[in-house]
Amino acid sequence: MSDTKIIELKDVINGWAGNQISIRKEETGDIDQIRISLQKATFEQRDAADEYLGDHILFLHGTAYAAEEGISVELPAITYEIPIDGITDIRLDSDIVSFETSRAQYVVNKN
């Protein structure tokens, strides 16, 4: 995992602060779609007590909404966590980023 690429990823997403973003996560055939009114993105490296969270986390701060049966449902947390252990294939563009982790594939769009 390249720390430089992770910082670039965080910086691109931070450039979208104040905008709506959408996140598409595909994990073992399950697809989740989340929308966030983004305030900021942060990165944290830690020793996780919970194996599911991992040691490297990208935090997306803001108000998040999940699409359930065509209805937008506000999520209770104001921070969306993306475990990025094993991150590969980071692709950055001005309005879209994509990457794979050891657990899932992500596409993040600025709306």
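Rings of Phe, Tyr and Trp pair if their centres lie within 6.5 Å, and planes under 30 degrees apart count as stacked. The model used in these exercises is predicted.

**Exercise 1.** Find the aromatic pairs in the whole structure and classify the geometry.

*Solution.* 
1. The search of the whole structure returns one aromatic pair.
2. Its members are Phe 99 and Tyr 106, with ring centres 5.2 Å apart.
3. Their planes meet at 20°, so the pair is stacked.

**Exercise 2.** Are Phe 99 and Tyr 106 buried or exposed?

*Solution.* 
1. The cut-off for buried is under 20% relative accessible area.
2. Phe 99 has 2%, so Phe 99 is buried.
3. Tyr 106 has 4%, so Tyr 106 is buried too.

**Exercise 3.** Describe the surroundings of Ser 22.

*Solution.* 
1. Check accessibility: the relative accessible area is 18%, so Ser 22 is buried.
2. List contacts, leaving out residues up to four places away in sequence: Ser 22 touches Ile 34, Arg 35, Val 107, Val 108, Asn 109 and Asn 111.
3. Look for polar partners: the side chains of Ser 22 and Asn 111 are joined by a polar contact of 3.4 Å.

**Exercise 4.** Characterise the second largest pocket.

*Solution.* 
1. Its volume is about 160 Å³.
2. It is lined by 13 residues, and the closest to its centre are Ser 22, Gln 33, Ile 34, Arg 35 and Ala 67.
3. Strand 1, strand 2 (30-45), strand 3 (56-68), strand 4 (71-74) and strand 8 (105-110) each give two or more residues to the lining.
4. Sorted by class, the lining holds seven nonpolar, four polar and two charged residues.

Key. Residues numbered from 1 in each chain as written. Predicted model: local features only at pLDDT ≥ 70, side-chain atom pairs only at ≥ 80, totals over all residues. Heavy atoms only, no water. Phe/Tyr/Trp six-rings, centres within 6.5 Å; stacked < 30°, edge-to-face > 60°. Buried < 20%, exposed > 50% of the residue type's maximum accessible area, 1.4 Å probe, protein only. Polar contact = N/O pair within 3.5 Å; in protein donor to acceptor, adjacent residues only side chain to side chain. Contact = heavy atoms within 4.5 Å. 1 Å grid on protein atoms, 1.4 Å probe; cavity = no way out; pocket = protein on both sides within 12 Å on 5 of 7 lines; lining within 4 Å. Points joined across faces, edges and corners; volume = space filled by probe spheres on them. Helix = DSSP H or I, 4+ residues; strand = E, 2+ residues; numbered from the N terminus. Nonpolar A, V, L, I, M, F, W, Y, C, P; charged D, E, K, R; others polar.
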